[in-house]
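Colleague: Hi! Could you walk me through this one? I'm new to it.
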Amino acid sequence: ARLLKGRDVHVSRLTLLLELAQAIIQQKRPDRAAPQLWHELASLASRILSEPGPVTAASFGNDAQVWQLTDTGLVVNDDGALRFALPLFEQHFGAHALTCGIVTMMEAAAPEAFPRWRYAVAFALSTSQPGQAEQNMLLLARTNPAVVSWTLNELAGNDHTTAASEWVGTSWSPRSGVTGTGQPGDPAIAEGQRLREALQALLDGFGACGSQLSRHRDGRLVQWGAQLLGDDWIALSEARDTLPPPDLVTVAGDPRDRPPLEWIRRTMFRIPRGPLGRWSWARNRLMQPLAELIQERRLPLPPDSPLASERQWILARRIMQAAGKPHGTVIPLADLRHAVDGMMETVDRSVHATWSGGGMRIDSHDIRWIHARFQRETGDQLTQPWPAPDQSHVGAQWLWQGYSPELSHAIMTEVLAAAVTGYRDLVAENFAAFGWALGLNSALPVQVEGTLIIPDDDTDGKHTSLHYQLKPAPPAGREAVSHVDLDLVTQPGTGRRGARIVAWPYDRRRNPFYLPVSHNTLPPTGQSRPATNLAYQWLAADLHALGWLTQAVAFYD
């Protein structure tokens with residue numbers, strides 16, 4: 001239709017869907033439409049998108065009201081249940097429900113509701129006046145950061161890199177000190193405050209990891225320094241240890257001079273003044289530290305998470321390495337405590353301390369975490385979280401070749417169960433507000449089905465593999481335990497590699513962010529944190545689908 005009208009077809013999916021709905025509705029418009037018809041259609045859309053079951057005609061209104069809707073051709077009465085002729089109309093009139101106040105933006109962005117309302121929210125934002133769109137985005141950011149990122153991608157045509165390229169980091173900062181105290185009339189303060197508000201709103205939607213995504217102290221963003229560079233550029237600096245008030249101060253000086261010690265993370269960039277530009281800026285400012293936390297597998301965890309023991313072992317090994325204390329398959333707790341106590345002294349005296357070397361990195365968050373973790377340890381030594389190899393394999397190329405098929409199968413069954421539980425823990429601790437927009441989280445509880453293939457004669461490891469699928473379990477409570485059903489195959493030609501991906505009817509329309517896939521990989525038996533690697537791999541794929549990571553990452557030790 002766009003081509004026939006001589007129009008450009010290089011538009012976002014959001015634009016195509018929005019124009020498609022409008023074009024069909026214009027063709028189907030009735031000769032005589034009552035003024036309240038649009039309100040009735042919006043009310044029906046809000047109920048269809050909000051209620052778990054069908055919306056019956058009797059519960060919606062009297063016969064005249066129902067006839068008015070079905071006469072448009074947009075609504076179908078299907079044996080007493082009302083539905084739209086196309087699911088697209090649900091989103092189109094759902095947007096009207098949002099703009100006229102039948103449903104609030106915060107209700108549509110709630111953790112369980114957003115997958116059903118996603119295009120209604122995007123349609124409403126794209127057709128709102130700029131001021132109203134900004135206010136709505138502010139509410140959405142504080143309610144659910146997943147909504148902001150996904151919507152920005154839809155508005156930009158799913159281009160993950162466009163907005164990110166607008167951020168330019170530099171190594172310079174203003175030389176001289178504060179020249180203003182944050183008066184609202186100061187243009188630098190006004191621009192800085194506008195950006196800070198967006199960043200803080202997004203941070204409010206994160207869980208425990210939020211304090212690690214931007215410089216905080218005592219739960220608050222540190223003070224910022226702002227400097228305008230002409231009409232289009234701004235330089236922002238973060239104070240090393242200064243807390244508000246005021247939130248921002250103006251600074252001045254020659255940017256070519258050496259920066260003073262009180263300012264860190266000095267950046268300059270073009271001021272994002274376009275529609276929703278500050279939200280792209282804020283999202284992209286958080287993406288790098290989030291990617292680092294994901295890549296280093298350092299997200300906060302609840303104390304009883306099965307991933308916590310793996311993280312403790314990895315940290316303990318790195319701390320002993322940094323302290324120059326060799327160890328074997330066990331680590332003496334007395335030596336480890338002594339090394340951690342010394343690092344804690346540094347942590348207590350500094351804003352943020354880091355240790356690196358030998359390919360490892362430890363920071364203040366790690367030391368505080370393992371120091372608190374020691375309160376749970378009562379023994380004399382720390383052991384690795386998974387069993388040691390039970391057989392020797394001359395010329396082995398892979399870690400798993402040191403394990404018998406039976407032990408490998410037992411370990412992998414526990415690893416897969418721990419990974420699903422660990423994924424749930426990571427989401428609950430850090431991304432609870434993202435809700436069902438995180439695909440695997442929307443499918444929990446799941447049943448893990450798969451096959452571990454270790455042929456008896458596979459001396460070079462070329463035919464050994466792990467196949468598994470995460471299938472939505474039959475309807476159960478969200479807190480139900482996920483189960484693992486893993487076959488062990490030592491003879492070729494057996495097993496269930498061709499099993500169906502989905503074992504239970506699943507509502508893709510209401511949970512569109514869950515994409516069932518079949519995983520085929522080498523068994524991670526023998527790695528120090530196999531459950532952590534799997535849980536983070538699933539989480540990274542979910543965050544990538546929402547635009548919070550530029551790429552889905554696979555993790556290995």
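Modeller: Happy to! Leaving aside neighbours within four places in sequence, E238 is in contact (heavy atoms within 4.5 Å) with S214, R215, V222, Q223, W224, E262, W263, I264, R265 and R285. This is a predicted model, where local features need pLDDT of at least 70, side-chain atom pairs count only at pLDDT 80 or more, and totals for chains, interfaces and linings use all residues. Residues are numbered from 1 along each chain as its sequence is written, and side-chain values use heavy atoms, with hydrogens and water left out.

Colleague: Is E238 buried or exposed?

Modeller: E238 counts as buried, at 2% relative accessibility. Buried means under 20% relative accessible area, exposed over 50%, and partly exposed in between, with a 1.4 Å probe and protein chains only.

Colleague: And which side chain does E238 join in a polar contact?

Modeller: That of R285, at 2.9 Å. A polar contact is a pair of N or O atoms within 3.5 Å; within protein, one must be able to donate a hydrogen and the other to accept it, and residues adjacent in sequence count only if both atoms are side-chain atoms.

Colleague: New topic: how many residues has the largest nonpolar core?

Modeller: It has 106 residues, and W117, W279, I294, F431 and W548 have the most contacts inside it. Such a core is a set of buried Ala, Val, Leu, Ile, Met, Phe, Trp, Tyr and Cys residues joined through side-chain atoms within 4.5 Å.

Colleague: What about another core?

Modeller: Apart from that one lies another core, of 23 residues, among them W313, L315, I367 and W369.

Colleague: Back to W279, what does W279 touch?

Modeller: Not counting residues up to four places away in sequence, W279 touches E134, M137, L138, A141, V148, L152, A198, A201 and L202.
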